[in-house]
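Below is a short briefing on one protein structure. Please look over the sequence and the model first, then read the notes by topic.

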Amino acid sequence: MTECDLNDVQALDARAREILLLNDRGGYTVPTDGLYPYQWNWDSMVAAWGFAAFDLDRAWQEVERLFSGQWPNGMVPHILFHRPDPGYFPGPDVWGTAGRGPLPSSGITQPPVAASFVRRLWEKDRGRPEAEALFEPLLAWHRWFMEWRCEGGAIFVTHPWEAGRDNAPDWDGAMAAIEPAGVQPYTRRDTAHVDASMRPTRADYDRYIWLVERGRRLGWDEAAMAEGAPFRVADPGMTFILMGACRDLAALGRGLGRDVAEIGEWIGTLERGAESLWNPAIGAYDGRDLGTGAFAGALTNASYLCWLGGVDDERMLAKFDGMLGRVPYPVASLDPADPRFDARRYWRGPTWAIMNALIGLGLAEMGHAAQAQALRRRTAQLIAEHAFAEYFDPLTGAPAGGGTFTWTAAVWLAWASPRARGA
Ligand code: 9WN
């Protein structure tokens, strides 16, 4: 698609808006009908960014709905179960978080992109009371990360779902060490919606559910769960996303006349943590099992989030340039040269528009305009050719997973569309 195909662009813009409205459940958005019938944390914040392209009130409302589920300890859950729906497993009964937060929810969190999108909303719409009201809740959530998910300055996850990259190779070592004995019998729902070859395996699911059952048994009490925790993997994705979100929150705080000294300290800590995730064996930022100290040895799309975190790394830029020349539909979630690469299986190969947008925003912020623009154009091409799928085969562009997907539509409207102004 060239910039001249204005009719196509207008049609795609209209379709993307239609998808956001289709997935709107009245103040919050589901990722896609059927497969994911609840409000997911980071999907929802990307949805807010997309809504901001045509309806700022609705965008702010999306953020407020997410924070209406914040726990008293500051944690913002990865799923809010506003209304029961049998189409998704595991639902609220399996999580068993009653009494922990104001709404039925999961017991873990997800990548903290909220502050970055709230900053963008506020820059379009200064003077809104919502920005004032959201500052403290955002600060409390970041503080929770620094207290419960930070070791040596790097952010770790206690469940693969927390990272948002469910079956990425980053978790393989720690997952293999779990013996999922005693998991209650369960029926997966995801494979009723999507071909099983595109989803995590049965072995993955047994361990996902085993970890949920452990959290439920311990009442989702962070101190209790930290003792003898069976799964703790430092994640370059979470570390860079929180680092970028802290910079954005500090900018918002300064704009609102708030004290941001505490945030400045967190950024310094996270910068040191990011260095500990540099794996010289692959020449990239990598996941690290905190139980064994072992790196995953995986060049993933999360490795390229360094710029979003504000880390201007020339070594990664050279890697990125080489990758753009080799992968037809970048950015693959796992380097296609890796023997674990699987072009269709979720976070072990496919390209995700949301990750491209985050990488592109970081590149632009660090002054790498040519790379940012190249990635933006190629993401636009991918969506124009293959529509608003959940994710895409990086070698052929073929759509995979769920269709009419909220964050792919939102990324189109806010960033990839040649008419986007939100970047
Ligand atoms: C578990 C909603 C979510 C995304 C995640 C993606 C997938 C859920 C699942 O879907 O995870 O949270 O059941 O597969 O991996 O990033 O937020 O789109």
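S116 touches G244, A245 and D248, leaving aside residues up to four places away in sequence; contact here means heavy atoms within 4.5 Å. The model is predicted, so local features need pLDDT of at least 70 and side-chain atom pairs count only at pLDDT 80 or more, while totals for chains, interfaces and linings use all residues. Residues are numbered from 1 along each chain as its sequence is written, and side-chain values use heavy atoms, with hydrogens and water left out.

**S116 and its helix**

- S116 lies in helix α5; helices (H or I, at least four residues) and strands (E, at least two) are DSSP runs, numbered from the N terminus.
- S116 has a relative accessible area of 9% and is therefore buried; buried means under 20% relative accessible area, exposed over 50%, and partly exposed in between (1.4 Å probe, protein chains only).

**Packing of α2 and α5**

- Two packed helices are described by the angle between their axes and the distance between the axes.
- For helix α2 (residues 41-51) and helix α5 (residues 114-124), the angle is about 15° and the axes are 9 Å apart; axes are lines fitted to C-alpha atoms, for helices over the stretch in contact, and angles run from 0 to 180 degrees between N-to-C directions.
- α2 and α5 are therefore roughly parallel to each other; angles under 35 degrees count as roughly parallel, over 145 as roughly antiparallel, 65 to 115 as roughly perpendicular and the rest as oblique.
- The crossing of α2 and α5 is left-handed, a term used if the near helix is turned anticlockwise from the far one by less than a right angle, with right-handed used if clockwise.
- On the α2 side M45, V46, A48 and W49 take part, and they meet A114, F117, R120 and L121 in α5.

**Nonpolar core**

- In soluble globular proteins, nonpolar side chains tend to be buried together.
- Here the largest nonpolar core has 144 residues, and I263 and F320 have the most contacts inside it; such a core is a set of buried Ala, Val, Leu, Ile, Met, Phe, Trp, Tyr and Cys residues joined through side-chain atoms within 4.5 Å.
- Helix α12 (residues 236-255) gives the largest share of this core, ten residues.
- Not counting residues up to four places away in sequence, F320 touches Y304, W307, V331, I359, L363, Q371 and L375.

**Cysteines**

- There are zero disulfides in the structure, a disulfide being a pair of cysteine sulfur atoms within 2.5 Å.
- C150 is in no disulfide, and its nearest cysteine sulfur, that of C246, is 9.8 Å away.
- C306 is in no disulfide either, with the nearest cysteine sulfur, that of C246, 17 Å away.
- C306 counts as buried because its relative accessibility is 0%.

**Backbone points to check**

- Most residues other than glycine have a negative phi, and most peptide bonds are trans.
- The peptide bond from F89 to P90 is cis, with omega near 0°, and P90 sits in the loop between β2 (79-80) and α4 (92-95).
- P330 and V331 are joined by a cis peptide bond with omega of about 5°; V331 is in the loop between α15 (314-326) and α16 (353-365).
- A387, a residue other than glycine, has a positive phi near 65°.
- A387 is in the loop between α17 (369-386) and β9 (391-392), and is partly exposed at a relative accessible area of 39%.
- T404 is not a glycine, yet has a positive phi of about 35°.
- T404 is in the loop between β10 (399-400) and α18 (406-416), and counts as partly exposed at 28% relative accessibility.
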